[in-house]
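Take the model below as a starting point.

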Amino acid sequence: MENIRNFVIVAHVDHGKSTLADRFLELTGTVEKRKMQEQYLDTMELERERGITIKLQPVRMLYTVRDVGNVGVDRNEQFEQAERSNNSNKQSDQTYILNLIDTPGHVDFSYEVSRSLVAVEGAILLVDASKGVQAQTLANLHLAKTQGLVIIPAVNKIDLPNARTARVKEELSYLLEIEQDEILEVSGKTGENVEKLLQAVIEKVPPPNASIKYQELSIKDQSRALIFDSSFDAYKGVIAYVRVFDGGFKRGDKIASWATKAKFDVLETGFFAPKLIASAELSAGDIGYIATGLKDPGLVRVGDTLTTFRNIEISTYRNFQPLAGYKEPKPMVFASFFPENAEDYDLLKDALGKLKLTDASLIYEPESSIGLGRGFRLGFLGMLHVEIISERLKREFNLSLIISSPSVEYAVKLTNGEEVKIRSASLLPDVSKIGSIAEPIVDIEIITPSSYLGSVMELVSSFRNTYKATEYLGKETAFLKYEMPLSEVITDFYDKLKSVSSGYASMSYELTGVKIGDLTRLDMLVAGELVEPFSRIVPKSKAYYEGRAMAAKLKEIIPPQWFEVAIQAVISGKIIARESIRARRKDVTGYLYGGDVTRKMKLLEKQKKGKKKMKETGRVNLPQEVFLKMLKR
Ligand code: GTP
C-alpha cells in the first residue's frame, strides 16, 4: 500500500486535463505509443467529437523511480548522483501504482468530480497559463479542500505564445496561500516538466491509509468499498467501479451492497488500464472494478458501500458502518421525453436505466400526457447535460424522441391556498386559478479579466438580476456577484458571457431559494395546433421578445410541408407573434414541354386542390431534429 498513490486532475473546462493525462499514460508506458491518440481517456464518441470530457475515467499506471529520496530531481541528475557516489547497487528502484481519475471540467458534470474526489488522496489543480484562474478552478479547488485532499498546483500550457505564466502563478500563490516556487510550470502538449509533476504526486500525495489489509482479514472483519461509478456489460452484468477502503475482494466472494441490500458473488475483480483488466484480487487502497453479474442496474447505486458477508447474514448488519456516500445531486432543469412511437416506451425505460449507470446525476420519473402518451420527465444538472443525454439516447439507443422545452421547477400557489410544484409549462394550471408563481433563484459568480468588466456588466443588465458585489483576485481578475433567477442563467447566458469576453469570463452558480416572479405561460401553435413540448414559462416583461424569437427559430428549422404552415406564439389566448413557412412546390408540370398552356394550368389547379385537402387533414409531422435544435438556443 505504501507504493499506491490515488489522485485526480481537476481544472476549469479546457485547461488541459485530458492532454496531461495522455502524457502520463505515455510516460508510464500504460498505452503503447502507436496506440496513443489525443485525449485518450475521452472514450465516448460524443466526448471526442466535442472535445470535452463528460465522464470521469479511472486509469492505473505503473511508474518506476530510482531512489525515492531524489524525487523531484531530474532523472539524469539522479543517475549521475548514483554514479558519482558509486553505490548505485545500493539504490533500490521503486515501482509505484498510480491510480489517476480524469474528471470533466464543465459545471454540468461537477458531480463526476465530487465522486472522484472521495476515491483519492490528492489532486493536481491545473490552470491554463493563458486563461488564469476560472470559475471551475475555484469550485473544484473548494471541493478538493473540503475533502481534505493534498493539492498540487500546476500552471499548464506554458508553451503557448500568449501564456502569462508569471501572473497566473501569482494568482495561484495568492489563492492557495503558498510560495510561487511550489507551483510547477508544465505543458501537457510538449511534455515539459510532466515527469516532475508525476514525481511531485509520488512525493506529496500520501499513500492510502486503511485499517485492515486483505491479508489480515479475520472472519469477523468486514471489507468495505465505495462505489463511485458503474457500467454495464452484457456478460458480466453491472460493473461497479470502486475504491476499496478496508480489506479486499476477490472472485467468488459473497458480497452485498449496503443500501440496496443486493447480494451476489463476485464474478471478477480488476483494474483500469484503462480497459478493464482482470486481477486476482482488489485490496485496501486500490481503485478497481467488481463485476457483479447483476442484471438490474438499480441494485448497484453510486455512493453505496459494498461489503463481504462471509459467514454473517445481512440481517445482522446492525453494527456495520457504511462509508460516507455522496450528496445527492440536485437537478436544476427538467424536460419531458416521449418516444415518437408509443411502442418504444419500454426501450426508452431500459435506455434510461442503462444511462443512469454511467451517469448517476440523471434522474427520471414516468409521466403521461394526453397528446403525447407515456414518457418520462428527466432531471438534469444543466443545459449541456440535457443536450448530451438527448444526443446519447439518439445515438446509443437509436431512439426517436419528442423532447419538451427544458424548465426549472416552479412553486405555484393556487387561489385556493394549495401549493403545487410545476416542472413543465404544459402542467401550469389555468391563469384564473393561479395566485402566484415562485421560481428558483441562484447566486452567480462571474470571474473575468478586469478589462472585460464593462462588457460583462452590460450583458448581465440585459438579464433579470440583482447586483451584489465586485471583488478582485490580484489586479487583473475580477469577481462579479449577482443574484439571478435560475431560468435566466440556464438559457443562453453562458454562451453570451463567453462571446462578450472573448472566452475569458467564466461563471458558477449555486441555488439559494425561490422568489415570486411576474411570470406567464407562452405557447406555440404549429398549423393551428398547440405543440405542448414548446410551451414555456417566461417573465411577462420578456414574453413578446421570447415569442417572436421562438417563432422565428421554428420557421427556420421546421422542414417545409406541402402546404403553408403558420407558426404562432400565444399568451393567454392572444397571438403575439406569427411566422409562416411557405409550401413546398412540386413541379407537377415538369414533364410537359411546349404544347397547350391550359393543360399546365389544369395540372397546377389539381395540385392546389390536393394541397388544400392535405391542409385540412394534415398535421405537421415534426421530426426529432426540430426538438433537438430547439434545445440549443
Ligand atoms: P475538459 O475535460 O473538456 O474540461 O477539457 P480538458 O481540460 O481535458 O482539456 P483538453 O486536454 O481536452 O485540452 C483542451 C485543449 O487545449 C485541446 O485543444 C488541447 O490540444 C489543448 N492543450 C492542452 N494542453 C496543452 C498545452 O500544454 N499546450 C497547448 N498549447 N495546448 C494544450
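A salt bridge here is a side-chain nitrogen of Lys or Arg within 4 Å of a carboxyl oxygen of Asp or Glu. The model is predicted, and side-chain atom pairs count only at pLDDT 80 or more. By this rule there are 27 salt bridges.

One of them joins the side chains of glutamate 268 and lysine 236, with an N to O distance of 3.4 Å. This pair links distant parts of the chain, 32 residues apart: glutamate 268 belongs to strand 12 (residues 268-272), while lysine 236 sits in the loop between strand 7 (224-233) and strand 8 (237-246). Buried means under 20% relative accessible area. Glutamate 268 has 17%, so the residue counts as buried, whereas lysine 236, at 25%, is partly exposed.

A salt bridge of 3.4 Å, N to O, also connects the side chains of glutamate 471 and lysine 481. Because glutamate 471 lies in strand 24 (residues 466-473) and lysine 481 in strand 25 (residues 477-485), the pair ties together parts that are 10 residues apart in sequence. Here glutamate 471 is partly exposed, with a relative accessible area of 38%, and lysine 481 is partly exposed at 24%.

Aspartate 523 and arginine 521 form a salt bridge through their side chains, at 2.8 Å from N to O. The relative accessible area of aspartate 523 is 14%, so this residue is buried. Elsewhere, salt bridges that share partners join Glu439, Arg464, Glu488 and Lys542 into one network.

The largest pocket has a volume of about 1300 Å³. Its lining has 33 residues, and the closest to the pocket centre are Ser110, Leu143, Lys327, Tyr509 and Glu510. Two or more lining residues come from each of helix 4 (110-118), helix 5 (135-146), strand 23 (434-449), strand 25 and strand 26 (506-517). Which element gives the most to this lining? Helix 5 does, with 8 residues. By class, the lining of the largest pocket has 16 nonpolar, 8 polar and 9 charged residues. Domain 1 (4-210) and domain 4 (411-517) each contribute at least three residues to the lining of this pocket.

The structure also holds 3 cavities of 30 Å³ or more. The largest cavity has a volume of about 80 Å³, and its lining includes Lys131, Arg164, Arg167, Glu171 and Tyr504. Helix 6 (165-176) and strand 23 each supply at least two of the lining residues, and the largest share, 3 residues, comes from strand 23. The lining divides into 4 nonpolar, 4 polar and 4 charged residues. At least three residues come from each of domain 1 and domain 4.

The second largest cavity has a volume of about 40 Å³. Among its lining residues are Ile403, Pro406, Phe534, Phe627 and Met630. Helix 14 (residues 624-631) gives the most to this lining, with 3 residues. By class the lining has 7 nonpolar, 2 polar and no charged residues. Domain 3 (333-406) and domain 5 (520-631) each provide at least three residues of the lining of the second largest cavity.

The buried residues of helix 8 are Tyr345, Leu348, Ala351, Leu352, Gly353, Leu355, Leu357 and Thr358. An α-helix has 3.6 residues a turn, so residues three or four places apart point the same way.

Definitions and conventions
Residues are numbered from 1 along each chain as its sequence is written. This is a predicted model: local features need pLDDT of at least 70, side-chain atom pairs count only at pLDDT 80 or more; totals for chains, interfaces and linings use all residues. Side-chain values use heavy atoms; hydrogens and water are left out. Helices (H or I, at least four residues) and strands (E, at least two) are DSSP runs, numbered from the N terminus. Buried means under 20% relative accessible area, exposed over 50%, partly exposed in between (1.4 Å probe, protein chains only). On a 1 Å grid over the protein atoms alone, a cavity is a set of points where a 1.4 Å probe fits but cannot get out, and a pocket is an open set with protein on both sides within 12 Å along at least five of seven lines; lining residues have an atom within 4 Å of a point. Grid points are joined across faces, edges and corners, and a volume is the space filled by probe spheres set on the points. Ala, Val, Leu, Ile, Met, Phe, Trp, Tyr, Cys and Pro count as nonpolar, Asp, Glu, Lys and Arg as charged, and the others, Gly among them, as polar. Domain bounds come from an automatic or database domain assignment.
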